[in-house]
Amino acid sequence: MLPPIFHHYPQSPIAEKIRITFGIMGMEWQSVQIPRIPPKPLLMPLTGGYRRTPVLQLGADIFCDSQTIAWQLGLQNSNAPAYQLSNKSLELILGSFGEAILFSLSVRVVLTTSMGKAPEEFIKDRGSLYFEPGWTVEEMKNSLPSILLQLQAAFDLINHHLLENGPFINGDIPSYSDAVVQHCVWFLCGRWEGGIDFIKPFDAVCKQREAIASLGHGISHDISAEQALETATKNIPNAPMGINCKFTGGLRRGQQVKIRPNGRTSDPDVIGALRYLDETVIIIDYEHEETGQVAIHFPVLGYQISAL
Ligand SMILES: N[C@@H](CCC(=O)N[C@@H](CS)C(=O)NCC(=O)O)C(=O)O
């Protein structure tokens, strides 16, 4: 089987979390570069309009959101170091802390301190994804000290854990949860001039940073977005079908559903026919003239799912 196709761009911190995971797992992957801001005309036929980064593709199965991607990578290679000694569910529970706390505070620091420096179009686009509707520059700048206090608290907890149990989150073996911490360190140090000084007091986090950096990003081969679309056309989805959980929210197989990230963001709705639902994953069937039929996988956690 060909290595998974990863749709991303180099500056994306969430994509960096998965690139680090490829490195920890020593995995081979195919790399497709996508634009940093919409339009993304060669990605949308695969994702049904989901515009965020990154996206993983296995034939005609499309995995949106780093949580489903991480889970899928664990299934692909269950003996890989990223998951071997640790409990995969616990890794993903830490992943939720990573996104809801660590990443959301980090992105706020990076965007707020980039205001007036980064292109206005970029700040406007990202503000519509990560800030409350109607946000103002003044409000963001005023709240920065409080955001930094929270970020310091989060890193302090992680640092204490690493001092007692390190060098990695799970002890001697690196795992996905190290990527969960370190993509934020990478983001803060690379995109905020105060980042390196802010992280410096957290000794164990700095040691973890060096160890993770030395593992690299696995082995990648560049392919074009057109090749990725062609791969989808030539394959049929492998995803399971059916409803496999006790509480279904009233959803039925085959029904048209609407999926969007939590929050009042500018993300578009993704609409498709419900193919599969269990406690953690929802999969929809979606068809586009450039791809034929694809199955799009989303995590349940973090998304608003409703019948049309
Ligand atoms: N919950 C998503 C969040 C992804 C996310 O917000 N990614 C950022 C890039 S790091 C993004 O999509 N930015 C807008 C874009 O790339 O168009 C995940 O874990 O994958």
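Which residue in β4 is the bridge partner of Gln57? I looked, and Ile62 in β4 pairs with Gln57.

**Ground rules.** I number residues from 1 along each chain, as its sequence is written. I am reading a predicted model, where local features need pLDDT of at least 70, side-chain atom pairs count only at pLDDT 80 or more, and totals for chains, interfaces and linings use all residues. My helices (H or I, at least four residues) and strands (E, at least two) are DSSP runs, numbered from the N terminus.

**Entry: strand β3.** I call two strands paired if DSSP finds at least two bridges between them. Strand β4 (residues 61–64) runs antiparallel to β3, with 4 bridges joining them. I also found strand β1 (residues 5–8) antiparallel to β3, joined by 3 bridges. There, His7 has Val55 of β3 as its bridge partner. β3 and β4 make a hairpin with 2 residues between them. Gly59 sits in that turn and has a positive phi of about 65 degrees.

Next I checked burial. A residue is buried if 20 or more other C-beta atoms lie within 10 Å of its own, exposed if 12 or fewer, and partly exposed in between; the C-beta atoms are placed from the backbone. Strand β3 (residues 55–58) is covered on both faces. Val55 and Gln57 are buried on one side, Leu56 and Leu58 on the other.

**Entry: Glu289.** Is Glu289 buried or exposed? Glu289 counts as exposed because it has 7 C-beta neighbours inside 10 Å. I place Glu289 in the loop between β9 (281–288) and β10 (292–299). Its C-alpha atom is 32 Å from that of Lys17, and the two residues are 272 apart along the chain.

**Entry: helix α6.** Helix α6 (residues 137–165) has 29 residues. From first C-alpha to last I get 40 Å, close to the 42 Å expected at 1.5 Å a residue. The expected span is 1.5 Å times one less than the number of residues. I found a kink of about 45 degrees at Leu144, shortly before the proline Pro145. The bend at a residue is the angle between axes fitted to the seven residues ending there and the seven starting there.

Which residues of α6 are buried? I list Leu151, Phe155, Ile158, Asn159 and Leu162. An α-helix has 3.6 residues a turn, so residues three or four places apart point the same way.

**Entry: the ligand.** I count 13 residues around the ligand, and Ser12, Ile14, Arg52, Thr53 and Ser66 are the closest. A residue is near if its C-beta atom, placed from the backbone, lies within 6 Å.
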